[in-house]
Amino acid sequence: MNCCFLLPFILGIPLIWPCFTAVEISTTEEVEHPVGSHSRVKRGWMWNQFFVPEERNETNYHIGQLRSDLDNGNNSFQYKLLGAGAGSIFVIDERTGDIYAVQKLDREERSLYTLRAQVIDSTTGRAVEPESEFVIRVSDINDNEPKFLDEPYEAIVPEMSPEGTFVIQVTANDADDPSSGNNARLLYSLLQGQPYFSIEPTTGVIRISTKMDRELQDEYWVIIQAKDMIGLPGALSGTTSVLIKLSDVNDNKPIFKERLYRLTVSESAPAGTSIGKIMAYDNDIGENAEMDYSIEDDSQTFDIITNNKTQEGIVILKKRVDFEQQNQYRFRANVKNRHVDEKLVEHHVEASTTFIRVQVEDEDEPPVFLVPYYLFEIFEESPLGSFVGVVSAIDPDQRKSPVRYSMTRSKVFSIDDNGTIVTTNPLDREISAWYNLSITATEKYNVQQTSAVPVYVQVLNINDHAPEFSEYYDTYVCENAGSGQVIQTISAVDRDESIEDHHFYFNLSGEDTKNSSFIIIDNEDNTAVILTNRTGFSLQEEPVFYLSVLIADNGIPSLTSTNTLTIHICDCDDHGSAQTCRNKDLMLAMGFRTEVILAILISIMIIFAFIFLILGLKQRRKQTLLPEKGEDFRENIFRYDDEGGGEEDTEAFDVAALRSSTVLRGRGPRGAGAERRSLYRRSLQVGPESAVFRKFILEKLEEANTDPCAPPFDSLQTYAFEGTGSLAGSLSSLGSAASDQDDNYDYLSELGPRFQRLACLFGSAAQSHN
């Protein structure tokens, strides 16, 4: 079966493609034959491939024709198209075998379609020949312009870079088929950026063409164009922009714009004071603009430090200035960059300089002492008013104000207006060898201006203290001690200060030398030993010996003191050791101390027990007198259900709290109502002036003060006392002895609203009884 395929247009040129031959094959292996070739294999056939021009704008355009060799043109054969795209992209005329494309084809989306064809006898419905595959390939045309992949482009390159320095590489992509002619072959060119930059046409690498200075221009916009078809006519192109920034290098040195800075400083300004600022300018930025200031010839008075935030130079005072000594200073300041690359040293050979003039302002200064401190010496025991020394201060200002002197809190020395220091009390080196004084100088014309100076007074020693024992000696000697036995080693001290080392001489007094039972030997090293001068001692006859020891010093003049050494006779043990006596005394002392400690502890325990007892009693009393938390603080009302029973009613409760004397009120008859009303009115006239009432109050006050169970706070106590022998009598049934049958209670209604209830009760009772 043969077919012919017509390719209508490729690049606008009409072409007639050769006929394809359907061949019979004996296997199912797919064999693809070159265009225009044919082969015949027994029992089987396969279609070759078709080439279709790309992107036809019209629809239903003819691609080619499939025709069987057995088709004689009588329309008895039916052609069918199967596979991906069949029916949707490609359709076939079932009678003629013509293939049409019903959609636009894009090679960049799909470049190859594999279809199957089948020929069926329309009368029998059977396949005339076996099903065969064929390929439709979409050929490429230049319909895609180049596109840059990594936009936006930005690059940074150091300023002053040499020619040819790499900057950045840009890359464009063309979707056309790179194997189809020059459709995807690109060339790069610069549309904007000359003469500073260049680009390699085939690689897209951008390089520097000339040196650039960031201080003149710090960034550049470069426009790159990419063309396909190696730039031939009809080629498509795409563009992109590249932002190239120049990074800073330290190619500029800092420069002072001011040739002279004028500053002022007060002579009273302390060291470290900032007196002004200077400023140098550097066209570089960042770390390359950091700078350091300095003063030529290393000034001893001023210094310059750098403010790292503002890069200003701060002039500071290294030491105080004095207007009277020098009122003006002039010096030169330098500035240089802190970080300089070795390759750029040539730009920083000569540092920028400026001059600074500092004017010192005069201030009213306090007096100034001639020396920073004074040291005087005086012998102890000097008479009162003895001269110690003279201090002197002057006013450093031009007016030279007179100066007065004063001393702070000293009871031993005083100073006059001329600065002369004298003693006011005796001096004793052994009490105080040094005195630290503070002398204040005050200007006469301005008392606010003062200054102080320390004065040290050393009290010199004179030999006014005789030597004495260095400690208390507790000496023992055994009864059976032999002659020449050492019983004690003694030493001495002297409170005086000696220019040379102290040297003491030990001797016995004249009387002890002649009659003493002991002798002394001077060791000539400021110690001496006491030895027995006889054999045997008696504890009963002479239990204690008192030995007078003379100690002399080497002072001028030499002083001698008499010191008494107490020697106890001891009943020693068999070994003849006096340590037993010492141990007995020690045990006695320890026993005494133990008894004292025990007595103190017992006393402390008794005191604490007494305190706890008192606190417990107070707590118990407080719990008794004070109500509990839940107790009601309102008035308590007690009700008694007892009927009046005459005198027996007195046993119902204690009425002693209502009266202070034993005199009972007399009971009057319950007769005439008019008489009772009169007596009641008379009883109301008894007021606070009544002696009985006053006596009653005083007695109750005394009882409250002496009551041990009274609450420990101020309290108000009330008493209902009508008065002893009240003429009104009593309304209580306690005093009732007679019958109520003859009583008339009508007078109760006349006593007012308070007795209205009683009048109703007793009036009603009398009526019902009658």
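Me: Before I look at single residues in this predicted model, what does contact mean here?

Reply: Contact means heavy atoms within 4.5 Å. Leaving aside its neighbours within four places in sequence, Ile530 is in contact with Gln485, Val486, Ile487, Gln488, Ile490, Phe518, Ile519, Ile520, Leu547, Leu565 and Ile567.

Me: Which residues touch the most other members of the largest nonpolar core?

Reply: As a general idea, nonpolar side chains in soluble globular proteins tend to be buried together. In this chain the largest nonpolar core has 27 residues, and those that touch the most other members are Ile490, Phe506, Phe518, Ile530, Val549 and Ile567. Two or more residues come from each of several strands, among them S38 (486-493), S41 (527-532) and S43 (560-570). There is also a second, separate core of 24 residues, which includes Tyr261, Leu317, Tyr329 and Val360.

Me: How many helices and strands does the chain have, and what percentage of its residues count as buried?

Reply: The chain holds five helices and 43 strands, and 34% of its 770 residues count as buried. Among contacts with a separation of 6 or more, 66% are between residues 24 or more positions apart.

Me: Is Ile604 buried, exposed or partly exposed?

Reply: The class follows from relative accessible area, where buried means under 20% and exposed over 50%. Ile604 has a relative accessible area of 38%, so this residue is partly exposed. Ile604 is found in helix H2 (residues 579-625), and belongs to a nonpolar surface patch that also includes Leu601, Phe608 and Leu615, with about 1,000 Å² of accessible area for the whole patch.

Notes. Residues are numbered from 1 along each chain as its sequence is written. This is a predicted model: local features need pLDDT of at least 70, side-chain atom pairs count only at pLDDT 80 or more; totals for chains, interfaces and linings use all residues. Side-chain values use heavy atoms; hydrogens and water are left out. A nonpolar core is a set of buried Ala, Val, Leu, Ile, Met, Phe, Trp, Tyr and Cys residues joined through side-chain atoms within 4.5 Å. Buried means under 20% relative accessible area, exposed over 50%, partly exposed in between (1.4 Å probe, protein chains only). Helices (H or I, at least four residues) and strands (E, at least two) are DSSP runs, numbered from the N terminus. Patches are made of residues with over 30% relative accessible area and no salt bridge: like charges are joined within 9 Å, nonpolar side chains (Val, Leu, Ile, Met, Phe, Trp, Tyr) within 5 Å. Accessible areas come from the Shrake-Rupley method with a 1.4 Å probe; for residues, only the protein chains shown count as cover. A salt bridge is a side-chain nitrogen of Lys or Arg within 4 Å of a carboxyl oxygen of Asp or Glu.
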